[in-house]
Amino acid sequence: MKQPKVENKIVLISGGTSGVGKAAAISLAKAGAEVIILGHRQSRADAAVAEIQRRSNNPLIWAELCDLTLHSDIKALHERLIDQNIRLDA
Ligand SMILES: NC(=O)c1ccc[n+]([C@@H]2O[C@H](COP(=O)([O-])OP(=O)(O)OC[C@H]3O[C@@H](n4cnc5c(N)ncnc54)[C@H](OP(=O)(O)O)[C@@H]3O)[C@@H](O)[C@H]2O)c1
């Protein structure tokens, strides 16, 4: 299957701190995407960012904390992304 071009694209992955989400983040980071991972625990988010950066050799990885069960957290995340002028491609 043909892979979409993700170089220089900004991709947000919910559940990106472990499991299938982290695996997808590593794959996209290796392909050159800038990756934002979502989790809801700081320690796991920090560890995942370090691991994804190391395994992909891509420094453009960061985490945002957001409890997806809370509308207030989702709204706050949305506002942070807009405030930072982050353009999400996927
Ligand atoms: N693994 C598989 O083979 C497989 C196959 C088919 C479908 N799925 C489905 O895919 C999903 C992920 O599976 P997984 O095995 O990768 O799970 P996992 O390793 O337990 O990953 C869960 C992820 O979701 C995040 N998360 C959990 N509760 C959250 C909340 N309230 N707000 C924000 N983030 C939250 C966790 O963040 P924290 O690190 O902060 O806790 C973590 O990043 C599940 O719905 C599962 O049913 C998995």
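The questions and answers below concern a predicted model of a protein with its ligand.

Visitor: What pattern does the protein follow along the sequence?
Guide: The secondary structure comes to 3 helices and 3 strands. Read from one end of the sequence to the other, these give the pattern β-α-β-α-β-α.

Visitor: What radius of gyration does the protein have, and what would a compact globule have?
Guide: The C-alpha trace spans about 35 × 25 × 25 Å along its principal axes. For 90 residues, a compact globule would have a radius of gyration near 12 Å. The protein agrees with that, at 13 Å.

Visitor: Which element supplies the largest share of the shell around the ligand?
Guide: The ligand is surrounded by 16 residues, and the closest are Gly-15, Thr-17, Ser-18, Gly-19 and Gly-39. At least two residues of the shell come from each of β2 (34-39) and α1 (19-30). The largest share is 3 residues, and the element supplying it is α1.

Visitor: How many residues of the shell around the ligand are polar?
Guide: The shell divides into three classes, with 4 residues nonpolar and 3 charged. The polar residues number 9.

Visitor: How are α1 and α2 oriented to each other?
Guide: Two packed helices are described by the distance and the angle between their axes. Here the axes of α1 and α2 (residues 42-56) come within 9 Å and cross at roughly 40°. The crossing is right-handed. An angle between 35 and 65 degrees counts as oblique, and α1 and α2 are therefore oblique.

Visitor: Which residues of α2 meet α1?
Guide: On the α1 side, the contact involves Lys-22, Ala-25, Ile-26, Ala-29 and Lys-30. Residues of the contact divide into 5 nonpolar, 1 polar and 3 charged. From α2 come Ala-48, Ile-52, Arg-55 and Ser-56.

Note on methods:
Residues are numbered from 1 along each chain as its sequence is written. This is a predicted model: local features need pLDDT of at least 70, side-chain atom pairs count only at pLDDT 80 or more; totals for chains, interfaces and linings use all residues. A residue is near a molecule or strand if its C-beta atom, placed from the backbone, lies within 6 Å of it. Helices (H or I, at least four residues) and strands (E, at least two) are DSSP runs, numbered from the N terminus. Ala, Val, Leu, Ile, Met, Phe, Trp, Tyr, Cys and Pro count as nonpolar, Asp, Glu, Lys and Arg as charged, and the others, Gly among them, as polar. Axes are lines fitted to C-alpha atoms, for helices over the stretch in contact, and angles run from 0 to 180 degrees between N-to-C directions. Angles under 35 degrees count as roughly parallel, over 145 as roughly antiparallel, 65 to 115 as roughly perpendicular and the rest as oblique. A crossing is left-handed if the near helix is turned anticlockwise from the far one by less than a right angle, and right-handed if clockwise. Two residues are in contact if their C-beta atoms, placed from the backbone, lie within 7 Å. The radius of gyration is taken over C-alpha atoms; the globule rule is 2.2 Å times the number of residues to the power 0.38.
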